[in-house]
Number of protein chains: 2
Amino acid sequence: MKNRLYFNLDSKEEKEKAFQAIKAEQNSIGYYSLPQQDISPILEYCDSIPKEIETIAVIGIGGSSLGAKAVYEFIKPVKELTRKLYFFESTDPINITDLLSQFDIKKTHFLVISKSGNTVETFSIYKYIYALQDDASAYTFITDPDASLDKYAKEINATMLPLPNNVGGRFSVLSTVGLVPLALCGIDIQALLSGAKEIKDSFFESGYIKDILLKKAVYYAKNHNKYSINCIFTYSETLKYFSEWYVQLWGESLGKYQRHSKSNVGVTPIGLVGPKDQHSFLQLIMEGPRDKSVTFIKIENFGNNMTIPDIKLPYLEALDSLNNLSFSKLINMQCNSVIEALLEQGDIPLDTITIKGVTESDIGSLVFYYELLTSLVGELMDVNTYNQPGVEAGKIILKKKLKDR
Amino acid sequence: MKNRLYFNLDSKEEKEKAFQAIKAEQNSIGYYSLPQQDISPILEYCDSIPKEIETIAVIGIGGSSLGAKAVYEFIKPVKELTRKLYFFESTDPINITDLLSQFDIKKTHFLVISKSGNTVETFSIYKYIYALQDDASAYTFITDPDASLDKYAKEINATMLPLPNNVGGRFSVLSTVGLVPLALCGIDIQALLSGAKEIKDSFFESGYIKDILLKKAVYYAKNHNKYSINCIFTYSETLKYFSEWYVQLWGESLGKYQRHSKSNVGVTPIGLVGPKDQHSFLQLIMEGPRDKSVTFIKIENFGNNMTIPDIKLPYLEALDSLNNLSFSKLINMQCNSVIEALLEQGDIPLDTITIKGVTESDIGSLVFYYELLTSLVGELMDVNTYNQPGVEAGKIILKKKLKDR
């Protein structure tokens, strides 16, 4: 991965403070140790799932689905996978009906993923599907050990895989939550972890990424009022769901009451996909309020030689300059042109991340890079990066409504 | 459609001024007259496409694809359609390869949609596909009359359907741009227009929607600095692509230099889908900066009786309160719970839009409602709602890069 910043605000003291805080966090926050985990228990579990199972369906929402979806949708178009993966993430009955029509329930293994074990969406869907398929061997539960869901799984003799300690939902993609569905579909989870480990080592062992991540985090945190919106602009359709994962990670981690001032802070995440969003959101970045920082994410090698053929179209000669150009070159030229146009504005903080290709290792790096960046910005913004107290109020109101009906 | 505002800022003068401006705009801006157009030429054209054609593929980007996609994805899960619809919107070679693997090119009719006739994405993809399928009868071109693309279409003896006058891309879903692909797939485009016409009439003939739209527009425009982000939170997966359409409409129309002050203004659009985004973005709305207004969009009747079965799960008795509840009731209860939780905060401007069901008429209403709202807010924010000068700089740089390579 390469990362180039087009802004600068170098504060040695702030950077060192943030680095030490993150170093210390490793003792209490679980996600830092995930890249070097031993995956043999997961692979062993995967071998126990019969070959006849064609489909894996995750019943889970938010942190229980977004990470696996991001990796799966990134890899799916370029690799022959062994199984299809579906996600039940909504109580929308039209969506559930639609999903169920797309696969054979008898050849499906369901992964019910819930940290708390009482997620309304997950269990309303689970109950519905359980009424259609009540064979306990068709289900695996992923939850906290000793949670009520763990007890339930044991009661019905279904497999339960534990969540590791102190790993919150939105930081859980490299734990059982993401690794199990991905491995079941033939994704190389060891390569995924290796990509993450590269970034981890580079950060903690003073490699290339340490200084750049610290610079970026300090800049974002110092300017969180001015640049209150952070856009990632990925130049590849395959990163569309990575964007959705990033939106949860960033929004839910940083949108908080500050620990000391108690004031409402946060940086609003926006996931854009190029070149499509050049025809949608770009106008607003170019001429709208100067409240946005933008990170472009490019793929160096698409592993695809598709080329625009040498066809001249009458009256459309202006487009002949496209002939014999490969699409992968074109899309990166489009990205570079937009970057140059924005740099000319002079007052929009930009940076570019370039990943090498479309492989598990590349997406693993990107995931861990964003997790580290989030932890750093959270620390510097003086928020608790790892909780989400703001979503409780709605849950309590719903619980009351359900009781009173 | 019902629309309820939970904020108030009533300025008779501002409202009247905006209303008169929009009334006057009807002479110069084309989209206002689309709801009452005669669709018989479109239906006649559709009859000319052979029954053996199973797939329609749109080659178009931004305003040439987002509207049809929004309507198609809304209706598809609830109606048996006659053909499948695909969209080529990216120069990502992996995406093009992936799309081409999903249908039989010999049984496909391609709609090449470009207002200008020189969109880089559209023509690089068109050239690639034309090399695979060079039968001119497999293509229909939708463009401005007398544009170079019109001349090209005539040259190769392909059908060309004109764009109506003065209808910009992002306001074109109810013109040939959206209606042709939708009608070819069996979507009831007359119902779509009727839904739009209901809102149009209610607005211009002083019905229910007039006062509420004016109030909302005045509030958003007056507070565009304070509430610089507008979220729509749709409680249905079927509105996911409507959100993407809204993001383009809102972002590209309002993100501009002001006409008089020349300063950078805009309101950043964010499309959220519930209940999924309760587990992602909601935390940021609840505890983050007070820079967001939120519109909830609900569906009254999902036309689906799916019910959570009466299953008691050992150790998970807390979830028994879900039993015998229909999913459509549950999802609306979830929405109402979040609304109540946000209202308790007291400082987040909210409103709710409720559409009756999942029909063409409902989405037609929603489309026209948002088009009117955008025009009103643009007028009040003193921007030119209908241009997009900010995207030109990147295009010029790309053109130079293409020439120089």
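I started with B:Asp382, which is partly exposed, as 15 other C-beta atoms lie within 10 Å (buried means 20 or more, exposed 12 or fewer, partly exposed in between, with C-beta atoms placed from the backbone). Its phi is near 60 degrees, a positive value in a residue other than glycine. B:Asp382 sits in the loop between helix H13 (360-380) and helix H14 (392-404) of chain B; helices are DSSP runs of H or I with at least four residues, strands are E runs of at least two, and both are numbered from the N terminus.

A note on what I am looking at: this is a predicted model, where local features need pLDDT of at least 70, side-chain atom pairs count only at pLDDT 80 or more, and totals for chains, interfaces and linings use all residues. Residues are numbered from 1 along each chain as its sequence is written, while chains are lettered from A and ligands numbered from 1 in the order in which they are written.

Next I checked B:Asn157, where phi is also positive, near 60 degrees. B:Asn157 counts as exposed, with 8 C-beta neighbours inside 10 Å, and belongs to the loop between helix H6 (148-155) and strand E6 (159-162) of chain B.

Then I looked up peptide bonds. The one from A:Gly274 to A:Pro275 is cis, with omega near 0 degrees. In chain B, a cis bond joins B:Gly274 and B:Pro275, with omega about -5 degrees. B:Pro275 is in the loop between strand E10 (268-273) and helix H11 (282-287) of chain B.
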